[in-house]
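Here are some notes on the model for you to check against the coordinates. Please read them with the structure open.

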Amino acid sequence: MTKALNGVRILDFTHVQSGPTCTQLLAWFGADVIKVERPGVGDITRGQLQDVPNVDSLYFTMLNHNKRSITLDTKNPKGKEVLTALIKTCDVLVENFGPGVLDRMGFPWEKIQSINPKMIVASIKGFGPGPYEDCKVYENVAQCTGGAASTTGFRDGLPLVTGAQIGDSGTGLHLALGIVTALYQRTVTGRGQKVTAAMQDGVLNLARVKLRDQQRLARGPLKEYSQYGEGIPFGDAVPRAGNDSGGGQPGRILRCKGWETDPNAYIYFITQAPVWEKICDLIGEPGWKTHPDYAKPPARLPRLKEIFERIEQWTMTKTKFEVMNECNAFDIPVGPILSMKELAEEPSLRHTGTVVEVDHPTRGKYLSVGNPIKLSDSITEVERSPLLGEHTDEILTKVLKFTPREIAEIKASGATGQAPKAQAAE
Ligand code: CAO
C-alpha cells in the first residue's frame, strides 16, 4: 500500500526531541527520512539515559523510528559536497540546531535556495524574533516561557512543569503541520519556503485558554476557579488553578477506593451541566436536582468545594474503573488516572498500534508509542530506529548516486567518519 507522503524525501538534521518528533511523524506517513548525524557521536540522545550499556537509549529509539542514518561531518569540505548533493535531492530540510548553526555551517537559507529553489527549510528554535532569539532552549524552558508553568500547579505552591512534552513534542507537531502545508502550497507555486516554529509560541498556543482567562480576569473573578468559591481574591495575572477544569464545566481529581496505597487511584470528575441530574441520582443526592443552591450551574459555582467533597464520598467507595463504568452508563464524563504501567498493558492501545512492540538488533524488544494519528489509506508500520551511520553507503550509492571512486574520496577525507558499526558487524 502506498503511504500519504511516499515520494517526499526529508533531509533530517534534527536532534534531541523536538525535531525528531516531527520527522518521525513524516516518516510514519511514508516520507523517506535521511537523518544526518555527526560521525562517531550522532544524535546526543543515543547515549543519554541509557538503560543498557552501549546500546542506543530508549530516548533515541522511541523518537527515530522509520528513518535512515548517514554519518556526515558537515564542516569537512567533502562533507559539504555530500550535504549539497543531499539538498539537491531532498524536498525538505528539517533542523532544530541552536540559533545560527546552519549559517555557521555555511548553509544559510539563500544558499540552500540557490542549490534547490524547491526546498522547504523547516526549523524549530526556542524563541521567535525578539529579545531571546539567540537563546538555546530545552523543554522546560519552553514550558516556563510559554505560559504553561505559571498556570500549572496549586495556587499556594511553585509553578509546575508537566510530564507531557508540550515544548518539544508539541512544537514538533506544529512544525510537521507547517511542513505538509508548505508541501501543499509548493504544488501550486513550485517554490520552497521557510517554515519556523518557536517553542515558546507552540507552548503558548497550547496554553491558549489561559490567555483567554487573562482577558476575562479584567472583567471580574474567574468563577470556575476553586479560589472563587473559597473567597480568595484574584491578582492581576491568571493564577495556578490546581486541577480545576480549564473549560466551562467544573471538574476536580477525586480519590477512589485504594487511594491510601495506590498513587493513581484517582479519577477526574466533571460536573457537566446537562448530566447534573444524573450525577445527583448516582451519588445519592436527588434533592440537589431542584434545590436552588445546587440546581443551576451559577448557583453551584461558589459551592464547588462542598459539591466535589460529596461526590468524592461516593467515588471513594469504588475503584476508578468502577466509577468510569458507572458514570459512562449515564454519559457522565470522567477520566481515571492511568499510570504508564496500565497504559503499557492496555490491550486496546496495542490493538490500534498506539502502543507497539519493536525489535532492535542490539536492544531486543521494547515498547514504543506508535503513530497517534490514524489515516485509513496510509497505515503506519513502525520500524526500528537506525544504528548510527547504518545507511551511509546505501545513501551515497543509491540516493546520491556517487561513483565508487567518489565514495572512496569521500571516505578517505573522513567526512563520513570511521566504518559504521552495523556494517563492520556484518
Ligand atoms: N557535522 C559537523 N558539525 C555538526 C553536525 C555535523 N553533522 N551536526 C551538528 N554540528 C555542530 C553544529 O554545527 C554546531 O556547531 P557550532 O556551534 O560550532 O556552529 C554544534 O554541532 C552544536 O549545535 P547545537 O547548538 O544545535 O547543539 P547544542 O548541543 O549546543 O544545543 C540545543 C542543543 C537543543 C539547546 C540547541 O540545538 C537548540 O537550542 N535548538 C533549538 C531549540 C530546540 O529544538 N530545543 C529542543 C531540544 S529537545 O529538548
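1. Basis. This is a predicted model, in which local features need pLDDT of at least 70, side-chain atom pairs count only at pLDDT 80 or more, and totals for chains, interfaces and linings use all residues. Residues are numbered from 1 along each chain as its sequence is written, and side-chain values use heavy atoms, with hydrogens and water left out.

2. Overall build. The chain has 19 helices and eleven strands. Along the principal axes, the C-alpha atoms fill a box of roughly 85 × 45 × 40 Å. Of the 426 residues, 46% count as buried. Buried means under 20% relative accessible area, exposed means over 50%, and partly exposed is in between (1.4 Å probe, protein chains only).

3. Ligand shell. There are 24 residues around the ligand. Gly98, Arg104, Lys136, Val137 and Asp168 come nearest. By class, the shell holds nine nonpolar, seven polar and eight charged residues. In this scheme Ala, Val, Leu, Ile, Met, Phe, Trp, Tyr, Cys and Pro are nonpolar, Asp, Glu, Lys and Arg are charged, and the others, Gly among them, are polar.

4. The side chain of Lys75 places an N or O atom 2.9 Å from an oxygen of the ligand. Leu72 uses its backbone instead: an N or O atom there lies 2.9 Å from a ligand nitrogen. The cut-off for a polar contact is a pair of N or O atoms within 3.5 Å; within protein, one must be able to donate a hydrogen and the other to accept it, and residues adjacent in sequence count only if both atoms are side-chain atoms. Taken alone, the ligand exposes 950 Å², and the protein buries 84% of that. These areas come from the Shrake-Rupley method with a 1.4 Å probe; for residues, only the protein chains shown count as cover.

5. Asn66. This residue sits in the loop between α2 (58–61) and β3 (67–71). Is Asn66 buried or exposed? Asn66 counts as buried because its relative accessibility is 16%. A polar side-chain atom of Asn66 lies 2.7 Å from the backbone oxygen of Glu381. A polar atom of the Asn66 side chain is also 2.7 Å from the backbone nitrogen of Glu383.

6. Positive phi. Most residues other than glycine have a negative phi. Please check two sites. Val16 has a positive phi near 60 degrees. Val16 is in the loop between β1 (9–13) and α1 (18–28). At 11% relative accessibility, Val16 is buried. Lys401 also has a positive phi, of about 55 degrees, and is not a glycine. Lys401 lies in the loop between α17 (392–399) and α18 (404–412). Its relative accessibility is 62%, so Lys401 counts as exposed.

7. Leu11. Strand β1 contains Leu11. Leu11 is buried, because its relative accessible area is 0%. Val33 is 22 residues away along the chain, and the two C-alpha atoms are separated by 6.3 Å.

8. Gln227. Helix α10 (residues 226–229) contains Gln227. Gln227 has a relative accessible area of 3%, so it is buried.

9. Ser169. Helix α7 (residues 168–189) holds Ser169. Ser169 is partly exposed, with a relative accessible area of 21%. Ser169 and Gly248 are 79 residues apart in sequence, and their C-alpha atoms are 27 Å apart.

Key
A residue is near a molecule or strand if one of its heavy atoms lies within 4 Å of it. Helices (H or I, at least four residues) and strands (E, at least two) are DSSP runs, numbered from the N terminus.
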